[in-house]
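Please look over the sequence and the model below before reading on. The briefing after them is arranged by topic.

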Amino acid sequence: MGSKIEYLSVEGLRVDGRRPGEIRCLKVQLGLFDMADGSCYYEQGNTKVLAAVYGPRQVASRMTRPSATLVSTASAALVVHYTEATFSTGGWRKQQRNDRKAAEAGQAIRKAFEAVVMTHLYPNSQIEIFLQLLQNDWSTFPACINATTLALVDAGIPMRDYLVASTAGFIDGTALVDLCQIESEAGGPELPVAICARTQSVALLHMDSKIGLTLFDQVFDAALQGCNLIFKVVDAAVRQHATQLLETRGIGFNR
């Protein structure tokens, strides 16, 4: 008989050694691909995502692409392509042509960014976002949101605000920030939240479990805390990348 997993020790430490309000270690690298207008490698713990942005560019007409959906010419259309590498999970995942999970994830990411990307500046055009999950240790949706934000910044596409995301859960009577795979298997409620970092307005929130309002407030506050911690890292990465670009061009920059 296997022993029960201790998700929170008597010292208040989680299975990976973090405190309840701590996020996993973040690693960010911008400007990976020369062929893309913007790109980013985003690593949050053992969850790893690649993001690439192409555009804005002219929308292909329906005459040349009969299967294309009709989009408004008054603003740019956001198109999100989300895939998972076959080696992203513990087992070998067979690649499917019509993956419903991937399509739903791409649609949710697109809707979240339609609220912050200034698409009205690019009429009759489209911005394509390619996301690939390289390794899955949970909290993949927030990782994709954060990677997309960084790739859009690298592409120089104007946004009203930084869009950052985090998850939170409730295990053993405690709200936990940025759940990992093992913690997700505890079966407690989980809340992914995406916010506009500077205004603190909620852009996306999703929960499948039914919980009371008091418990919801605890989990929601923990998710907001995670978003704000991630924003500090994201903002620092953007500033560092901008400084490096200016230095390569021989331009001074005062932080």
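Predicted model: local features only at pLDDT ≥ 70, side-chain atom pairs only at ≥ 80, totals over all residues.

Residues are numbered from 1 along each chain as its sequence is written, and side-chain values use heavy atoms, with hydrogens and water left out.

**Sheet and packed helices**

- An open sheet is built from four strands in the order S7-S6-S8-S9, with antiparallel pairing. Helices (H or I, at least four residues) and strands (E, at least two) are DSSP runs, numbered from the N terminus, and two strands pair if DSSP finds at least two bridges between them.
- Strands S7 (174-177) and S9 (202-205) are at the edges with a single partner strand each, so one side of each has no neighbour in the sheet.
- On average, neighbouring strands of this sheet are turned by 25° against each other, direction ignored. Axes are lines fitted to C-alpha atoms, for helices over the stretch in contact, and angles run from 0 to 180 degrees between N-to-C directions.
- Strand S6 (residues 163-171) is joined to S7 by four bridges, and the two run antiparallel. Gly-169 stands opposite Leu-176 in S7.
- Helix H2 (residues 140-155) packs on the sheet and touches S6 and S9, where contact means heavy atoms within 4.5 Å. The direction of H2 makes about 165° with that of S6.
- Helix H4 (residues 213-248) also packs on the sheet, touching S6, S7, strand S8 (190-196) and S9. Its direction makes about 140° with that of S6.

**Aromatic pairs**

- The structure holds three aromatic pairs. Rings of Phe, Tyr and Trp (its six-membered ring) pair if their centres lie within 6.5 Å; planes under 30 degrees apart count as stacked, over 60 as edge-to-face and the rest as tilted.
- One of the pairs, Tyr-54 with Phe-130, is edge-to-face, at 5.6 Å centre to centre and 90° between the planes. Tyr-54 lies in strand S3 (residues 47-58) and Phe-130 in strand S5 (residues 125-135), so this pair ties together parts that are 76 residues apart in sequence.
- Phe-216 and Phe-220 form a stacked pair, 5.8 Å centre to centre with 10° between the planes. Both residues lie in helix H4, four residues apart, about one turn of the helix.
- Phe-216 is partly exposed at 22% relative accessible area, whereas Phe-220 counts as buried at 18%. Buried means under 20% relative accessible area, exposed over 50%, and partly exposed in between (1.4 Å probe, protein chains only).

**Nonpolar cores**

- A nonpolar core is a set of buried Ala, Val, Leu, Ile, Met, Phe, Trp, Tyr and Cys residues joined through side-chain atoms within 4.5 Å.
- The largest core has 59 residues, and those that touch the most other members include Tyr-42, Phe-113 and Leu-152. H4 gives the most to this core, with 11 residues.
- Not counting residues up to four places away in sequence, Phe-113 touches Leu-78, Ile-145, Thr-148, Thr-149, Leu-152, Met-159 and Leu-163.
- A second, separate core has five residues, among them Tyr-7, Leu-8, Ile-171 and Leu-179.

**Ser-125**

- Ser-125 is in strand S5 and is buried, with a relative accessible area of 6%.
- A polar atom of the Ser-125 side chain lies 2.6 Å from the backbone oxygen of Tyr-122.
- Residues touched by Ser-125, not counting those up to four places away in sequence, include Pro-56, Arg-57, Ser-75 and Ala-77.

Technical notes. Polar contact = N/O pair within 3.5 Å; in protein donor to acceptor, adjacent residues only side chain to side chain.
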